[in-house]
Amino acid sequence: MKPRSRVLYEKNGHLARITLDRPEVLNAMDLRMHEELAEIWDDFESDDEMWAAVLSGSGTRAFSVGQDLKEAAGRIREGTAPPATFGSRGKPGWPRLTERFDLAKPVVAKVRGYAMGGGFELALACDIVIASEDATFALPEARLGLMAGAGGVFRLTRQLPWKTAMGHLLTGRSMDARRAFELGLVNEVVPAEDLDECVDGWVADILRCAPLSVRAIKEAATRSATMPLESAFATRYPWEERRMHSEDAREGPLAFAEKREPRWKAR
């Protein structure tokens with residue numbers, strides 16, 4: 001009998017829905033889930049018909065609580081657990097979303113319940129985060145003798161004021177959805193019953209935009225984040241090179257002048 005998939009992957013129009021599907025363990029990520037996710041991200045990235053993705057967790061209790069610590073403990077007892085540090089190179093599922101630095105297509109995180117450890121790191125790696133009022137975020141690795149090695153240490157200190165980030169990293173303290181929104185980690189917080197509708201609205205707005213423009217904007221914003229402004233202007237961006245010479249770059253102004261909806265082709 002074929003084992004049940006750890007991740008659900010659905011395509012509808014130009015949208016991919018990727019759902020971590022282990023609700024019985026709060027969508028904890030084991031090695032097989034990472035392997036499945038790598039195949040899914042590869043497919044999403046290479047499929048020209050996919051313009052955006054929504055990443056979520058099954059059930060109502062958690063987006064993901066991160067690493068499957070019971071699996072990790074078993075490997076420690078067996079003596080098969082290598083020392084773990086930053087990144088996933090050489091591990092199942094590499095490169096994971098947290099290290100797909102060239103992924104230009106937008107990813108929206110739909111967060112309900114716990115987003116802890118690696119689950120929070122996944123959300124930090126997404127471009128837009130929509131959370132329900134019952135969402136909770138934390139990087140508790142220091143309490144477990146571990147490291148937020150999937151980018152948590154690096155991304156949290158870039159996305160929050162330094163002392164605020166260090167306060168959470170050095171204590172493992174959690175924050176609720178409202179606090180995450182106040183700090184700018186979350187784009188919108190809504191009651192749980194409104195979460196799907198809210199995410200759908202954000203996705204519709206993304207898909208209304210020219211897909212090559214969206215990718216060029218994400219690429220330029222990401223790559224230039226630590227550059228001096230003069231260098232950012234002088235840098236060449238591959239997706240912007242594609243956008244500026246594309247049919248869609250002509251279609252937008254023409255559709256505006258002709259008072260009609262643009263017909264994007266992503267080319």
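A: Here is a walk through the sheet, then a helix pair, then the salt bridges.

A quick word on the ground rules: this is a predicted model, where local features need pLDDT of at least 70 and side-chain atom pairs count only at pLDDT 80 or more, while totals for chains, interfaces and linings use all residues. Residues are numbered from 1 along each chain as its sequence is written, and side-chain values use heavy atoms, with hydrogens and water left out.

Let's start with the sheet. It's an open one, with six strands in the order β1-β2-β3-β5-β7-β10 and mixed pairing. (Strands are DSSP runs of E with at least two residues, helices are runs of H or I with at least four, and both are numbered from the N terminus; two strands pair if DSSP finds at least two bridges between them.) At the edges sit β1 (7-12) and β10 (188-190), each pairing on one side only. From one strand to the next, the twist averages 20°. (For angles, axes are lines fitted to C-alpha atoms, for helices over the stretch in contact, and the values run from 0 to 180 degrees between N-to-C directions.)

(Contact here means heavy atoms within 4.5 Å.) Helix α1 (residues 31-46) lies across β1, β2 (15-20), β3 (52-57) and β5 (107-111), and runs at about 15° to β1.

Next, a helix-on-helix contact. Helices α4 (residues 152-159) and α5 (residues 162-171) pack at about 145°, with their axes 7 Å apart. On the α4 side you'll find Gly152, Val153, Leu156 and Thr157, which meet Trp162, Ala165, Met166, His168 and Leu169 in α5. Sorted by type, the residues of this contact come out as six nonpolar, three polar and no charged. (Nonpolar covers Ala, Val, Leu, Ile, Met, Phe, Trp, Tyr, Cys and Pro; charged covers Asp, Glu, Lys and Arg; the others, Gly among them, are polar.)

On to the charges. Side chains of opposite charge can pair when their charged atoms come close. A search of the whole structure turns up 23 salt bridges, each being a side-chain nitrogen of Lys or Arg within 4 Å of a carboxyl oxygen of Asp or Glu.

One of them links Lys218 to Asp127, with the closest N and O atoms 2.9 Å apart. Lys218 lies in helix α8 (residues 211-224) and Asp127 in the loop between α3 (118-125) and β7, so this pair ties together parts that are 91 residues apart in sequence. Lys218 counts as buried, at 15% relative accessibility, while Asp127 is partly exposed at 34%. (Buried is under 20% relative accessible area, exposed is over 50%, and partly exposed is in between, using a 1.4 Å probe and protein chains only.)

Arg243 and Glu240 also meet in a salt bridge, at 2.6 Å from N to O. These two are three residues apart in helix α10 (residues 238-244), so about one helical turn separates them. Arg243 is partly exposed at 23%, and Glu240 is partly exposed at 24%.

Finally, Arg6, Arg22, Asp30 and Asp68 are linked in a network of salt bridges.
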